[in-house]
Amino acid sequence: MRSVVTGGAGFIGSHLVEHLLDRGDEVIVLDDLSTGGMANLTRVEDHPLLTVHCGSVLDEATVFAAITGADRVFHLAAAVGVRLIVEEPLRGLRTNIHGTENVLEACRAVGARLLLASTSEVYGKNTADALSEDSDRILGSPLLSRWTYAAAKGIDEAFAHAYWSQYGLDVAIARFFNTVGARQTGRYGMVVPNLVGQALRGEPLTVFGDGRQTRCFSYVGDIVPAIVRLIMEPAAAGQAFNLGGAHEVSILELAERIVEITGSSSPIVLVPYEQAYAPGFEDMRRRVPDNSRAEALVGFAPATSLDDVIREVATDLAKRNDGVPELTLLSKDR
Ligand SMILES: NC(=O)c1ccc[n+]([C@@H]2O[C@H](COP(=O)([O-])OP(=O)(O)OC[C@H]3O[C@@H](n4cnc5c(N)ncnc54)[C@H](O)[C@@H]3O)[C@@H](O)[C@H]2O)c1
C-alpha cells in the first residue's frame with residue numbers, strides 16, 4: 001500500500017506517517033516545511049519505506065508527481081493556526097483552497113482514495129450541545145480575516161463533495177476538533193502548547209477573553225488510527241466525520257489543570273481578545289462534537305484523558321526546549 005501524506009512533516013501529519021510506516025505502508029510525504037519540519041520525523045527519517053518531497057501543494061506538477069502511483073492520499077497540508085490566519089489571510093486562502101483543488105484533481109487523475117483534513121472551525125459560532133455533521137454553520141463577516149480559515153475549509157469540503165458526486169472520487173472528510181499532543185507548536189496560536197510552555201518557563205499563563213469559552217480537546221493518538229480506518233471504509237466516501245474529544249472543558253479549567261500537573265507557580269492572567277489579536281476579534285464560546293457517525297462506522301472512541309495529554313505535551317516541550325527546567329510532573333494516581 002502506497003500512501004501520500006501532504007503536510008506529513010507537521011504535527012498531526014508526522015504522527016500519521018509514523019503510524020503508516022509501523023503498519024508496513026510505503027509513505028510519501030509532500031510538505032513545504034513552512035510550519036512543519038524534518039525534526040518532527042526524526043524517529044522515522046531513515047526508514048527505507050519513507051520518501052520526503054519538499055514542495056508546495058500549490059505547485060500542480062509537484063502534487064501530480066508525488067501522488068502518481070499512490071493508493072491513498074491523506075491531505076493535511078494547510079495554513080493552520082488562528083495567529084497565522086489573522087496575520088496572513090492570503091496565504092491561508094491560497095494554500096487551503098488552491099492547494100486542496102490540486103490534490104483533488106491529482107487524486108481523480110490517478111484514481112487514489114483521499115482523506116481530506118477539515119476542522120470544527122467550519123461550524124463557526126454554532127454553540128449547539130453536540131454538533132452533528134449536518135449542523136448549520138454560523139460564521140462572522142467574510143471581511144474578518146479570522147473567518148477565512150473556516151470559509152476556505154468549507155469550500156474544500158464542498159469541492160471534495162462535488163468531486164465525489166460528479167467524478168465518483170473516493171473521498172472522506174475528517175473534521176478535527178482541537179487536536180493536541182506531542183510536537184504541536186504554540187507558535188501559531190495553539191492554546192495547549194502555549195499554556196504548557198508558559199507554565200514550564202514560569203511565565204504567567206495567558207488566557208484570552210473571560211476563559212469560560214469551552215472546547216473538547218482530542219488526542220492525536222486517538223485521531224490517527226480513526227482516519228486510517230476512514231480512508232479504507234467505502235461507506236465513508238462523500239461524507240464528513242467529526243473527530244473530537246469526549247469532555248468539554250473551559251480554557252480557564254485547562255490552564256488550572258496545566259498549572260497543577262506541571263507543578264508550576266505561574267499565575268493565570270486574562271487577556272482581552274483585542275489585545276491578543278485585533279479589535280473586533282471573535283471567538284467561539286463553545287464547541288462540542290457529536291462523534292456518533294465516526295463511532296458507528298469505524299469505532300472511533302476518544303480514550304485518552306486531557307491530563308495524560310497535558311503530561312505528554314509537557315514532557316515533549318521539556319525535551320525540545322533548552323530553556324525549560326527538568327520536569328517533575330504530577331503523577332497519574334494523584
Ligand atoms: N491541530 C488541530 O487542532 C487541527 C484542528 C482542525 C483541523 N486541523 C487540520 O489538520 C491538518 C494538519 O494540521 P496540524 O495541526 O498538523 O498543523 P501543522 O501546521 O503542524 O501541519 C501542516 C503542515 O502542512 C505544511 N504545509 C503548509 N503549507 C503547505 C504547502 N503550501 N505545501 C505543502 N505543505 C504545506 C506545513 O509545513 C506543515 O508541516 C490541517 O489540514 C489542519 O487544517 C488541525
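Colleague: Which residues touch the most other members of the largest nonpolar core?

Modeller: Ala 174, Val 196, Ile 227 and Leu 230 do, in a core of 99 residues. A nonpolar core here is a set of buried Ala, Val, Leu, Ile, Met, Phe, Trp, Tyr and Cys residues joined through C-beta atoms within 7 Å. Buried means 20 or more other C-beta atoms within 10 Å of the residue's own, exposed means 12 or fewer, and partly exposed is in between, with C-beta atoms placed from the backbone. This is a predicted model: local features need pLDDT of at least 70, side-chain atom pairs count only at pLDDT 80 or more, and totals for chains, interfaces and linings use all residues. Residues are numbered from 1 along each chain as its sequence is written.

Colleague: Which helix gives the largest share of this core?

Modeller: Helix α7 (residues 220–232), with 8 residues. Helices (H or I, at least four residues) and strands (E, at least two) are DSSP runs, numbered from the N terminus.

Colleague: And why does the core lie between the two domains?

Modeller: Domain 1 (2–179 + 217–243) and domain 2 (191–214 + 247–289 + 299–320) both give residues to this core, so it lies between them. The domain bounds come from an automatic or database domain assignment.

Colleague: How far apart are the C-alpha centres of the domains?

Modeller: 24 Å. The contact between them takes 20 residues from domain 1 and 18 residues from domain 2, where contact means C-beta atoms, placed from the backbone, within 7 Å. On the domain 1 side, β10 (218–219), α7 and β11 each give two or more residues.

Colleague: Back to Ala 174. What does it touch?

Modeller: Leaving out residues up to four places away in sequence, Ala 174 touches Leu 115, Ala 117, Ser 118, Ile 227, Leu 230, Phe 241 and Leu 243.

Colleague: Which way do the residues of β11 point?

Modeller: In strand β11 (residues 240–243), Ala 240 and Asn 242 point one way and Phe 241 and Leu 243 the other, all of them buried. Side chains in a regular strand alternate between the two faces of the sheet. Strand β6 (residues 171–176) runs parallel to β11, joined by 4 bridges; pairing takes at least two DSSP bridges. Arg 175 stands opposite Asn 242.

Colleague: New topic: how many residues surround the ligand?

Modeller: 29, the closest being Gly 7, Gly 10, Gly 36, Ala 78 and Thr 119. The cut-off is a C-beta atom, placed from the backbone, within 6 Å of the molecule.

Colleague: Which element supplies the largest share of that shell?

Modeller: α1, with 3 residues.

Conventions
Contact = placed C-beta atoms within 7 Å.
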